[in-house]
Amino acid sequence: MTTHSTTNESHTAADRVFAPPAADDVGADRWLIDDAATYERMHAESVADPATFYGTIAKELHWFNDWDSVVEFESPDAVWFKGATTNLCQNCVDRHVADGFGDEIGLIWEGEPVGTNGPEVRALSYAELQKDISRFANALKTAGVRESDVVTIYMGMVPELAIACLACARIGAAHSVIFGGFAAHSIVDRGKDASSIVIVTCDGAWRRGSIVPLKANVDEAVAVLDGAVDKVICLKRTNNDIGWDDSRDIWWHVAVEAEPDECPCAELDSEATAFLLYTSGSTGKPKGIKHTVGGYMVHTYLTSKYVFNMIPGLDEPNRDAPLPNGQVYWCTADIGWITGHSYIVYGPMANRVPTLMYEGAPNFPEADRFWDIVERHKVTQFYTAPTAIRAFMKWGDEHVTKHDLSSLQVLGSVGEPINPEAWMWYRTHIGRGVCPIVDTWWQTETGGQMLTTLPGVHTTKPGSCGLPFFGVDAAICEDDGTEIPEGSGLLTIRKPWPSMLRGIYGDRDRFIETYWNTFDVDGAVSEGRPSPYYLAGDGAQRDADGYFWITGRSDDVINVSGHRMGTAEVESSLVAHPAVVEAAVVGMPHEIKGTGIAAFVTLSPESAPADKHAVEALKKALRTHVGDEIGAIAKPDLIRFTDALPKTRSGKIMRRLLRDIAAGRETSQDTTTLEDKSVLEKLRGED
Ligand code: WTA
């Protein structure tokens with residue numbers, strides 16, 4: 001079935017380069033920047049004099065009042081646009097209405113189910129969005145939400161998810177969006193950590209033809225949170241049966257019915273909290289990454305503009321075929337992840353380019369769904385994850401070739417390193433052999449893209465995420481902060497950037513310890529001060545042209561299908577199972593997911609399975625258990641039972657050894673310190 005070529009490209013990747021195409025070649029009006037000299041000048045200016053650079057860019061957006069200074073930084077604390085006030089929703093919606101573009105389409109949404117008349121499609125103009133957001137913002141106020149409160153949002157990919165985020169932004173509440181694929185447990189942890197009293201959810205979400213029971217998960221979480229949650233606002237989407245508590249639950253449509261469709265945008269301090277987004281770290285407890293209004297807005301606006309060459313539509317909107325002559329931008333991420341926050345909602349909307357949201361799975365009802373969407377909506381910029389590309393490669397080229405993808409101008413990749421073979425397939429089969437691919441490296445913590453090529457400017461190399469974006473002073477350094485100009489080491493950012501995280505919610509020590517405690521620049525770390533350099537947590541190499549190549553995480557975080565997962569989270573879920581005494585989780589190579597999850601598990605003697613069937617049944621039970629506790633993405637791909645885990649004499653689990661075993665490689669770890677040598681043989685032996 002698979003018809004793509006499978007030449008082994010990885011060893012030749014470094015030699016392969018593709019010059020940027022002319023705008024005409026991909027059907028674009030123009031490239032906003034089309035020469036390397038301009039990029040180099042702008043990059044040099046942005047790093048040398050951020051005040052002038054960002055001060056000028058920020059003026060393209062709306063501020064209620066001006067700043068006293070553009071940036072002040074005393075590690076690890078940055079203040080961007082000090083003293084200025086602004087509003088993200090105002091800039092994403094109201095600004096466009098005020099400028100006369102109220103009728104233009106800002107958001108296009110396509111539902112997953114396909115009826116006899118095709119899928120359900122909604123196209124919302126900025127004027128409609130303004131009203132819907134205002135109504136919901138008023139409903140949040142009625143529910144008791146005040147400025148700087150945290151609102152938990154746990155929804156499927158429906159327009160109301162974007163509307164709920166923007167409504168929070170409008171009134172200065174911080175949203176904390178929880179990915180709909182996470183289980184009830186995650187709502188408990190995050191809700192408690194953020195003291196959130198209002199949860200916005202749906203009755204259910206469509207996923208590959210089935211209903212994900214979101215409201216039921218919320219009910220389970222609310223029961224555990226025991227009275228801490230005042231209100232649950234529930235959108236009716238899937239019409240499944242749900243539990244209901246009249247004193248606490250209210251339907252979305254009922255909540256907005258009585259509300260006026262006007263609500264002022266709060267004048268927020270540039271450094272007010274815009275949102276929290278929980279992400280996995282090295283310990284079992286997810287970190288509430290905090291982002292603030294002004295800097296986040298400027299960086300997501302600026303990166304969207306230049307990385308995706310966003311040019312606002314000039315034509316009259318046409319409701320049957322939204323903006324056929326303009327751009328339609330589509331990012332396939334879920335808004336539950338940072339990619340969706342920055343590059344479905346805030347970045348594109350601030351640029352006045354219609355953003356497309358798709359509700360469901362890439363292979364529903366058929367394996368051509370993405371390309372069907374691209375063709376019907378005439379998508380111009382397409383942003384996805386390597387794991388999706390690898391899945392499409394596997395499903396077969398025929399699902400692609402039957403669609404007209406000639407509208408595409410720029411392709412993007414994010415979330416994990418893209419293997420050169422997938423990169424080539426993406427370019428050849430989706431990009432017609434001509435569209436530039438922007439491989440964007442960034443993180444929940446960075447808020448926006450940091451390393452990338454620009455589509456009209458740079459030569460691309462399959463597998464490399466390119467060069468630092470404007471304002472980004474990236475380097476590869478040794479522990480003392482000495483730069484390694486060429487070669488591999490730890491990736492760092494040496495100067496503050498506008499959308500940098502402003503902390504881990506409620507845990508300053510962990511914030512400093514995790515990100516600002518490695519590079520001993522000017523003796524900072526040895527003297528107990530935070531380092532001025534940010535530790536990204538990724539290893540990287542830089543080649544002779546200055547291009548960065550990400551080699552993977554340098555901590556105990558793995559990237560499963562581009563989703564960040566802490567191995568400690570999976571381990572603590574496993575040991576919570578009554579049969580498990582100890583567990584060690586590591587990443588292993590996986591054809592589609594990039595990295596899969598391997599779990600080495602020691603069972604209690606009384607739980608030892610009697611035969612092969614019992615082994616399989618217990619493995620299944622453990623996978624289900626982890627799925628119920630964390631979510632399906634955390635289910636181990638490989639479980640191996642072992643009498644003992646390989647440990648050093650000081651009791652440390654030898655993780656590199658386990659990684660090698662999971663990958664079926666000879667180990668590169670020195671095993672002389674292994675306490676019990678027989679463990680190694682046993683681990684290798686069992687299937
Ligand atoms: C990885 C996602 C290689 C990296 C935006 C990073 C990448 C982590 C790339 C952040 C890329 C992201 N090439 N690796 N283009 N983009 N990563 O917080 O390990 O979900 O640290 O943010 O994904 O994942 P997060």
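**Ground rules.** I worked from a predicted model in which local features need pLDDT of at least 70, side-chain atom pairs count only at pLDDT 80 or more, and totals for chains, interfaces and linings use all residues. Residues are numbered from 1 along each chain as its sequence is written, and side-chain values use heavy atoms, with hydrogens and water left out. For helices (H or I, at least four residues) and strands (E, at least two) I took the DSSP runs, numbered from the N terminus.

**Entry 1, the sheet of 7 strands.** I looked up the strand order and found an open sheet running β13-β12-β9-β7-β8-β15-β16 with mixed pairing, where two strands pair if DSSP finds at least two bridges between them. β13 (249-251) and β16 (287-292) are the edge strands, and each has a single partner, so one side of each lacks a neighbour in the sheet. From one strand to the next the twist averages 25°. I then followed β15 (residues 273-279), which pairs with β16 in the antiparallel sense over 6 bridges, and I noted that Thr 273 stands opposite Thr 292 in β16. Helix α9 packs on this sheet, where α9 touches β15 and β16 and its direction makes about 80° with that of β16; for such angles, axes are lines fitted to C-alpha atoms, for helices over the stretch in contact, and the values run from 0 to 180 degrees between N-to-C directions. Helix α4 (residues 126-142) lies across β7 (150-154), β9 (198-202) and β12 (231-235), at about 135° to β9.

A polar atom of the Thr 300 side chain lies 2.8 Å from the backbone oxygen of Tyr 296. Beyond neighbours within four places in sequence, Thr 300 is in contact (heavy atoms within 4.5 Å) with Ser 342, Tyr 343, Tyr 346, Gly 347 and Gly 447.

I counted 17 residues around the ligand, the closest being Asp 439, Thr 440, Thr 444, Asp 538 and Arg 553; a residue belongs here if one of its heavy atoms lies within 4 Å of the ligand. α10 (338-350), β21 (437-440) and β27 each supply at least two residues of this shell. The protein covers 98% of the 530 Å² of accessible area that the ligand has on its own, by the Shrake-Rupley method with a 1.4 Å probe.

**Entry 4, the sheet of 4 strands.** I found a second open sheet, ordered β24-β25-β26-β27 with antiparallel pairing. Its edges are β24 (474-477) and β27 (548-553), and each has a single partner strand, so one side of each is left without a neighbour in the sheet. Neighbouring strands here are turned by 45° against each other on average, direction ignored. β24 pairs with β25 (residues 487-493) over 4 bridges in the antiparallel sense, and Ile 476 has Leu 491 of β25 as its bridge partner.

Thr 453 sits in the loop between β22 (451-452) and β23 (467-468), and at 4% relative accessibility Thr 453 counts as buried. Gly 631 lies in the loop between α17 and β32 (638-641) and is buried at 1% relative accessibility. I noted that Gly 631 and Ala 183 are 448 residues apart in sequence but 5.0 Å apart in space, C-alpha to C-alpha.

Just after α18, Gly 664 takes a positive phi of about 70°.

How values were computed:
Buried < 20%, exposed > 50% of the residue type's maximum accessible area, 1.4 Å probe, protein only. Polar contact = N/O pair within 3.5 Å; in protein donor to acceptor, adjacent residues only side chain to side chain.
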